[in-house]
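Look at how parts of this chain meet.

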Amino acid sequence: MSSKEHADQVVHDVAVIGAGPAGLSAALNLVRAKRTVLLVDANRPRNAATLRSHGFLTRDGISPLELRKLGRTEVEGYPEATVVQSVVDLVAPDPDTDTWRVHGSWRGTELDARARTVVVATGLREEFPALPMLRAFYGTAVHSCVECDAYDKAGQPLAFICETDDVVDRALLIAAWTDDLIVYTNGVAPLDDAGRARLSAAGVVVDERVVEDLEGDRTGMTGVRLADGHVEPRTGGFVRPVWHADLDWLRTGATTSPSATSATGGNTAANADTPGALDGLQRDTQGLLVVDRVGRTSVPGLYAVGDVTPPGPEQLIVAAGHGAATAAAVHRDLVGGLADLRDAVQ
C-alpha cells in the first residue's frame, strides 16, 4: 500500500479484536467515550457448546450466544462503532504512520484497516483429553468452569477428568459441591503422596487408570468407561482443558500482504517480507499476554483483556469488568498521548 493510500484510509481510534464479553464491554465503553471503534470478530466463541451462562448479574441462565448477540447489538447502535466479521491474520504496527494495521478476511471479503490502538480480546482455544464422546456431553453434562456450572451439579455423582498438574486444587474446588467425586487422571496427571492424602481427607476418590470414553445416550451422560472395561456410573462432571492462546497474527510490520505469502510457507520471494513475532511483546509461561492491571501490554498502543491474559479463563462478568477498565485506560492514554499517561491510571 502506497503512502497516498495510507493517507486516504480511515484510521479508527481503536480496533477491538474479539467480541466476547471482554471485547464487547471494551468496545461499548469506548464508543461512549466518543472513540471510533472497529470491532472485529470471527464469531467462533469458545463457549458455543454451553447452553447457559451463570453469574452475570441480571442475565443469570442466559445462553452465551444470546449474551454476545445482545452486546453486539448495543455496540452497533452507536455511530462511532464499525462492526465486521472477519478472521484476523495480521495485526502489526506501522511506524511510518504511527498506526496499527489490521488485516483479515471472511468468505472472500478482505479486511485491511488502520487504528491508533488495538485491544486484543480473542480468548483461548481449548484442547481436551482424547475421549471420543467428550464433545457430545460438553456443555450439558460435562463442563470446564466450576464457578459457572457446579451449582447445577451439586450433590450428584460426578467425575473430574484432569491430565494436568493442578489436579488436586481443582478437584478440591469441585468437592465443595458434592461428596461423591471421582478424579480420573487418565494415567497422565502427576499425583504425589501429599496430593493423594489431601484428596482422601476430603473424601475424593482417585482413579489413575486409563479412561477409554464417556458413556450415555440422548438423555445424558451415564458413566465413565475405563480401558479395562469397567464402567463407573456418573451423571456428569468436569474436565480440565489445556488452553492455547493463538496469537501468531500479532506480528511486526510487513510490506507484503499476508494473502500474498506462500500457503505452504516455502522460501519464495513473496514471503521474504513475511512479518515476524512482535518485538517486545511479553507473554507468560502459558503464552498469555502479560498486562498491567488495566490491560496494557508491554508494547505501547497494544492492550489485552479477558481470557487471553493471566490467569486465563474467567467468569463472563469478570471479563466484562476488565473490558470496561481497559477501555478507560485506552481512552485516557489517547487523551494524553500513548506515553504520557501510562502511569497516571495505574
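The structure holds one aromatic pair. Phe, Tyr and Trp rings (the six-membered ring for Trp) pair if their centres lie within 6.5 Å; planes under 30 degrees apart count as stacked, over 60 as edge-to-face and the rest as tilted. The ring centres of F128 and Y138 are 4.7 Å apart and the planes meet at 65°, so this pair is edge-to-face. It links distant parts of the chain, ten residues apart. F128 sits in the loop between β7 (125–127) and α4 (134–137), Y138 in the loop between α4 and β8 (142–143). Helices (H or I, at least four residues) and strands (E, at least two) are DSSP runs, numbered from the N terminus. Both F128 and Y138 are buried, meaning under 20% relative accessible area with a 1.4 Å probe, protein chains only.

This is a predicted model: local features need pLDDT of at least 70, side-chain atom pairs count only at pLDDT 80 or more, and totals for chains, interfaces and linings use all residues. Residues are numbered from 1 along each chain as its sequence is written, and side-chain values use heavy atoms, without hydrogens and water.

Now the cysteines. A search of the whole structure finds zero disulfides (cysteine sulfur atoms within 2.5 Å). C148 counts as buried at 14% relative accessibility. C162 counts as buried at 0%.

Last, the helices. The axes of α6 (residues 167–174) and α7 (residues 193–201) come within 10 Å and cross at roughly 5°. These helices are therefore roughly parallel to each other, a label for angles under 35 degrees. V168, D169, A171 and L172 of α6 make the contact with G195, R198 and L199 of α7, with heavy atoms within 4.5 Å.

Note on methods. Axes fitted to C-alpha atoms, helices over the stretch in contact; angles between N-to-C directions. Parallel < 35°, antiparallel > 145°, perpendicular 65-115°, else oblique. Buried < 20%, exposed > 50% of the residue type's maximum accessible area, 1.4 Å probe, protein only.
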